[in-house]
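The sequence and the structure come before the notes.

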Amino acid sequence: MDRRHFLVGGVALPLSLATVARAQQPIFIGDMHTHLFFFGPKSASSRPLGKAMVAGNATLVSWALVGDVPWLRLASGGFKQSGTPQSSQTVTWFHQELNRIKRHIAEQGLKIALSPSDIDRALNGERHVVLAVEGATFLDGGLGQLQSAYDLGIRQIQLVHYIRNPIGDFQTEPPEHNGLTELGRQVVAECNRLGILVDLAHCSPKAVADALAVSKVPVVWSHSSVTRGSAPNWLSPVWQARQLTLDGAKSITNAGGVIGLWALGNDVGRTVESYAGRLLELADWLGHDHVAFGTDMNALANPAIATFADLRRVVRLFEQRKLSEASIRKLAIENFAGALRNAFNARHA
């Protein structure tokens, strides 16, 4: 039995036992991909994270620091690169933003998820934030930055985003690396070693294949959606270019991974009901063990899901549709929790 299959199997028993123990508890909410700060030094005072999590009964939220914001502009249909970072600028930005995020988390009295025991606490109702990076641009300083990021609390890393980088190709621009670079493959392996969850969102199909060939641990695609239509490409409208083909999604889930559904109105519809229906469709395609919330909250125009309270409404809709409690818990939080646990437990394995 290889290590990937061992890890996938190894998480099943603890989570199933935990599910039994929580049978009388509320169904808590997890979200694989959210934002609070995105462009510029916006204040969070008008939408504090702690209050938002309480309102939605959310206990496991991944807050993505956007690693390439200073070099992005909002163009027609989506984000485009507007400049090229100079040496050390990406690392400086990463540290500034991470410090700002951690200050807000502390002010809100929230915990940072750092270990398997923190995942257990989140599954039992204690609110935790997963520190994530969207676009590992800060690694242009070399692989050594990963250890530093881990030491600072980062536990989820999305390899690429919207700007050219030394790691790999992404969905919305023509490829230049033919997938992942050698550095990109090393990053995946090092994330496995450290216990950091690898997020393939935004990766080109070839980069996804390269990452899956390297990773010994199940990975996630934190946000977007899946299409059964023609294969998206970088010439498609941005939101369509960001979709996965069904075969591409299955390549991730067949390796034990999880796909997160975003709340982009152009894609999933603009209502809570349409989002719930799309998530169930995705679960039918990929299995109820491999789908999760990945809203991209606070980074989308006209979203179907704008708050964690909206996700609570999704759960209620699932209950009204007589979906089993076990399936609801998986979709709401346990699949994301399991992916994190797999990554955390792999540290130095």
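Asp31 stands opposite Val61 in strand β2, where strands (E, at least two residues) and helices (H or I, at least four residues) are DSSP runs numbered from the N terminus. This is a predicted model, in which local features need pLDDT of at least 70 and side-chain atom pairs count only at pLDDT 80 or more, while totals for chains, interfaces and linings use all residues. Residues are numbered from 1 along each chain as its sequence is written, and side-chain values use heavy atoms, with hydrogens and water left out.

**Strands**

- Strand β1 (residues 29-34) pairs with β2 in the parallel sense over four bridges; two strands count as paired if DSSP finds at least two bridges between them.
- β2 also pairs with strand β6 (residues 128-134), again in the parallel sense, over seven bridges.
- In that pairing, Ala64 stands opposite Ala132 of β6.
- Nine of the nine residues of β2 are buried, so the strand is largely enclosed by the rest of the structure; buried means under 20% relative accessible area, exposed over 50%, and partly exposed in between (1.4 Å probe, protein chains only).
- Strand β3 (residues 72-75) and strand β4 (residues 78-81) pair in the antiparallel sense over four bridges, with Phe79 in β4 as the bridge partner of Leu74.
- β3 and β4 form a hairpin with two residues between them, and Gly77 in the turn has a positive phi of about 90 degrees.

**Whole chain**

- The protein chain has 13 helices and 13 strands.
- Of its 349 residues, 58% are buried.
- The chain exposes about 13400 Å², of which carbon and sulfur atoms supply 53%; accessible areas come from the Shrake-Rupley method with a 1.4 Å probe, and for residues only the protein chains shown count as cover.
- Among contacts between residues at least 6 apart in sequence, 73% join residues at least 24 apart; contact means heavy atoms within 4.5 Å.

**Nonpolar cores**

- The largest nonpolar core has 91 residues, and Leu159, Leu200 and Tyr275 touch the most other members; such a core is a set of buried Ala, Val, Leu, Ile, Met, Phe, Trp, Tyr and Cys residues joined through side-chain atoms within 4.5 Å.
- Helix α11 (residues 272-286) gives the most to this core, with nine residues.
- Apart from it lies another core, of 19 residues, among them Met32, Ala292, Ala337 and Ala339.
- Leaving aside neighbours within four places in sequence, Leu200 is in contact with residues including Leu159, Val208, Leu212 and Trp221.

**Loop residues**

- Asn57 lies in the loop between α2 (49-56) and β2 (58-66), and its phi is near 55 degrees, a positive value in a residue other than glycine.
- Most residues other than glycine have a negative phi.
- His202 is in the loop between β8 (197-199) and α7 (205-214), has a positive phi near 80 degrees and is buried at 3% relative accessible area.
- Ser204 is placed in the loop between β8 and α7 and counts as buried at 9% relative accessibility.
- Not counting residues up to four places away in sequence, Ser204 touches Asp169, Phe170, Gln171 and Gly179.
- His223 is found in the loop between β9 (220-221) and β10 (226-227) and is buried at 1% relative accessibility.
- The side chains of His223 and Glu134 are joined by a polar contact of 3.1 Å; a polar contact is a pair of N or O atoms within 3.5 Å, where within protein one must be able to donate a hydrogen and the other to accept it, and residues adjacent in sequence count only if both atoms are side-chain atoms.
- Not counting residues up to four places away in sequence, His223 touches residues including His33, His202, Arg242, Trp262 and Asp296.

**Salt bridges**

- The structure holds 14 salt bridges, each a side-chain nitrogen of Lys or Arg within 4 Å of a carboxyl oxygen of Asp or Glu.
- Arg121 forms a salt bridge with Asp118, with the closest N and O atoms 2.9 Å apart.
- Arg121 and Asp118 are three residues apart in helix α4 (residues 116-123), so about one helical turn separates them.
- Arg121 is partly exposed at 39% relative accessible area, whereas Asp118 is buried at 11%.
- Arg341 and Asp120 meet through their side chains in a salt bridge (2.5 Å, N to O).
- This pair links distant parts of the chain, with Arg341 in helix α13 (residues 325-345) and Asp120 in helix α4, 221 residues apart.
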